[in-house]
Amino acid sequence: MEKRFNSTVYQQDQPASSPKRGSSIRSGARWIYYRLPDVIIYGYAFLYMYTGWAKFMNLSTFIRGNSKIPHLGQYAKLIGYSIPSLEIVLAILLVIPVYRIKRFALWTSTLLMAVFIIYLSLMVKFAENKLCDCGGVIESMGWKTHIAFNVIWLIAGIFALVRTKVKHSKI
């Protein structure tokens, strides 16, 4: 009994750099790193479902805001229906457990995020009345915060694209 007690005391007194503790941290980090692309994919799905639904709930406001955009205002109705529809379709495709469909949706989602970044950057640079009808909480962000948020999602999407290609090319 006493020998057992001493061994547990010894294990608690081991330094943090012991091979046993380090390997569990490394395996935990590998576990997260391996699953991070899936987290990003489902994050994109949630983000697009949320913003698409919010735009549909305030469709007239979204179309009215788009009509004030220089050079694109004439397509306000088309944009007003197509962007939220695309976001919701992408959200659905991202959760379908078929690799090629999910990968196509991830590519499209990442490209759409790049388009949103370009749009926001052009609005900040050239437009007098800065318009954003992104929907929900995202609409309440400041311009720089919104661009930074989108850039982070763009980088995450690129990371997920690279990791999913690597992960599935080993099969």
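Let's start with Gly65, which sits in helix H3; helices here are DSSP runs of H or I with at least four residues, strands are runs of E with at least two, and both are numbered from the N terminus. Gly65 counts as buried because its relative accessibility is 8%. Buried means under 20% relative accessible area, exposed means over 50%, and partly exposed falls in between, using a 1.4 Å probe and protein chains only. From Gly65 to Ala76 is 11 residues along the chain, and their C-alpha atoms are separated by 8.1 Å.

A quick word on what you're looking at: this is a predicted model, in which local features need pLDDT of at least 70, side-chain atom pairs count only at pLDDT 80 or more, and totals for chains, interfaces and linings use all residues. Residues are numbered from 1 along each chain as its sequence is written, and side-chain values use heavy atoms, with hydrogens and water left out.

Now zoom out. The protein chain has seven helices and zero strands, so its pattern along the sequence, by the DSSP runs, reads α-α-α-α-α-α-α. Of its 171 residues, 36% count as buried. Contact means heavy atoms within 4.5 Å. Take the contacts with a separation of 6 or more: 69% of them are between residues 24 or more positions apart.

Ala76 brings us to helix H4, residues 76–95. H4 has 20 residues and reaches 29 Å from its first C-alpha to its last, close to the 28 Å expected at 1.5 Å a residue (the expected span is 1.5 Å times one less than the number of residues). Which residues of H4 are buried? They are Ala76, Gly80, Ile83, Pro84, Glu87, Ile88, Leu90, Ala91 and Leu94. These cover an arc of only 155 degrees around the axis, which puts them on the same side of H4; the arc is that of the directions from the helix axis to the C-beta atoms. On the other side of H4, you'll find Lys77 and Leu78 exposed.

Next up is H5. Buried residues of H5 include Leu106, Thr110, Phe116 and Met123. Thr110 counts as buried because its relative accessibility is 5%. Leaving aside neighbours within four places in sequence, what does Thr110 contact? It is in contact with Tyr44, Leu154, Gly157, Ile158 and Leu161.

Leu36, in helix H2, is partly exposed, with a relative accessible area of 31%. Leu36 and Ala156 are 120 residues apart in sequence, and 9.2 Å apart in space, C-alpha to C-alpha.

Finally, the pocket. On a 1 Å grid over the protein atoms alone, a pocket is an open set of points with protein on both sides within 12 Å along at least five of seven lines, and lining residues have an atom within 4 Å of a point. The largest pocket has a volume of about 430 Å³, the volume being the space filled by probe spheres set on the points. It is lined by 26 residues, of which Lys55, Ile83, Phe116, Tyr119 and Cys134 lie nearest its centre. H5 gives the most to this lining, with five residues. The lining divides into 17 nonpolar, six polar and three charged residues; Ala, Val, Leu, Ile, Met, Phe, Trp, Tyr, Cys and Pro count as nonpolar, Asp, Glu, Lys and Arg as charged, and the others, Gly among them, as polar.

Note on methods
On a 1 Å grid over the protein atoms alone, a cavity is a set of points where a 1.4 Å probe fits but cannot get out, and a pocket is an open set with protein on both sides within 12 Å along at least five of seven lines; lining residues have an atom within 4 Å of a point.
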